[in-house]
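Biologist: I would like to learn how to read a model like this one, feature by feature. Could you take me through it?

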Amino acid sequence: MQTRKVDAATVRTLLTAAVAAPSIHNTQPWRFGLDPDTGVIRVRLDRTRPLPKADPRLRAQHLSVGAAVLNLRVAAEHLGWDPLVQLCPVPQDPDLVATVRLLRPAADARLPLRELYEEVERRHTSRMPFTGRPVPDPITYEMTAAARAEGAQLDVPDIIGTRRLLRLTQAAEARTSADPARADEERSWVRVPGTDAPYGIPVNALGARDASGRMPVRDFTGGLSVPRLAALRFERHAQVALLWTPYDWREDWLRAGQALERVLLTATRHGVRTSVLHQAMEWPDLRTATAGAKRRCRPQALIRFGYGTDGGRTPRAEPEPGPGPGPGVGGRGGGS
């Protein structure tokens, strides 16, 4: 299979899709570089917006970049390429997390991701109440199949299992609120009206708090005097899904990020709203506890899903594609 030449319009389409990926606290920890002669996109981890308290191992940042890689693949297939991804290709360069080679597809090639292209722009995190109407089994089966296609697993627990996972998330939220350093770190990523920064989460995208206290919605404000929506009653019976991998290395985090985004896009295609409850993943003991009795289960994300509104949208910076394969170039932007 030959590599195809790419033009500026194609590069912009690819990067616009990539930076629409969700990222932890909307930190957008990615950079991209294109070698126009080889058609290879180099995806790098951007360490300039770290979360030393919530993400000291950079696991969540790798998940975020993995989601961007999935969106790159979706856009590439939409444009008629067969993207070949290599994760962590250079051990001596840990910030180079992936390369994506744009190849001409074989005559009989299947390009299943192209069907998700319209969902890249439509997908947005919803931190609002859902209706409580259950998502039908065929859709949840399709979501679990999407995770498996990327080398991860997605478990949808019963009511008892769901309550256990929500209790662990609530415990993590309480711990974070009681930890001044962690609370300060969260508050630093809240963007008040009038702030032009494309990173962080605008106040209008934070959503509402649960008036009943059952749903552990993350409180980014931590006592900040900022306008918030009035508390609302969330769905009584939430639906959640635990995304996990058998191992816990950098490559696994990147695969989990691709699986996460493929699951979210699949849900969006069926009109299902989603949000990621990540709090328990930020405390090692609580993260381990979310695995329950499953062996060789390394939890990566807890997804809440259902029917409802999408809530406020996070900003997206304009992608800035850079010529050449060097380490300082690329597009930035993103959403949650």
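Modeller: Let us start with D46, which sits in the loop between β2 and α2. Helices (H or I, at least four residues) and strands (E, at least two) are DSSP runs, numbered from the N terminus. This is a predicted model, where local features need pLDDT of at least 70 and side-chain atom pairs count only at pLDDT 80 or more, while totals for chains, interfaces and linings use all residues. Residues are numbered from 1 along each chain as its sequence is written, and side-chain values use heavy atoms, with hydrogens and water left out.

Biologist: Is D46 buried or exposed?

Modeller: Buried means under 20% relative accessible area, exposed over 50%, and partly exposed in between (1.4 Å probe, protein chains only). With a relative accessible area of 3%, D46 is buried.

Biologist: Which side chain does D46 join in a polar contact?

Modeller: A polar contact is a pair of N or O atoms within 3.5 Å; within protein, one must be able to donate a hydrogen and the other to accept it, and residues adjacent in sequence count only if both atoms are side-chain atoms. Here the side chains of D46 and T48 are joined by one of 2.7 Å.

Biologist: What is T268 in contact with, leaving aside its neighbours within four places in sequence?

Modeller: Contact means heavy atoms within 4.5 Å. On that basis the partners of T268 are E119, R122 and R123. T268 lies in helix α7 and is buried, at a relative accessible area of 6%. R122 is 146 residues apart from T268 along the chain, yet their C-alpha atoms are separated by 7.2 Å. The T268 side chain also reaches the backbone oxygen of L264, at 2.8 Å.

Biologist: How do I read one face of a helix?

Modeller: An α-helix has 3.6 residues a turn, so residues three or four places apart point the same way. In α6 (residues 180–187), the buried residues are R182, A183, E185 and E186. Seen down the axis of α6, these fall within an arc of 160 degrees, so they line one face of the helix; the arc is that of the directions from the helix axis to the C-beta atoms. They pack against α5 (159–178) and β6 (190–191).

Biologist: Which residue caps the N-terminal end of α6?

Modeller: D179 does, with a side-chain oxygen 3.1 Å from the backbone nitrogen of A181.

Biologist: And the nonpolar core?

Modeller: A nonpolar core is a set of buried Ala, Val, Leu, Ile, Met, Phe, Trp, Tyr and Cys residues joined through side-chain atoms within 4.5 Å. The largest one has 37 residues, and F32, I41, V43, L72 and L102 touch the most other members. Its largest share, nine residues, comes from α2. A second, separate core has 22 residues, including V135, M143, A147 and A152.

Biologist: How many residues line the largest pocket?

Modeller: On a 1 Å grid over the protein atoms alone, a pocket is an open set of points with protein on both sides within 12 Å along at least five of seven lines, and lining residues have an atom within 4 Å of a point. The largest pocket is lined by 18 residues, with T162, R163, L166, R236 and A238 nearest its centre. α5 gives the most to that lining, with six residues.

Notes
1 Å grid on protein atoms, 1.4 Å probe; cavity = no way out; pocket = protein on both sides within 12 Å on 5 of 7 lines; lining within 4 Å.
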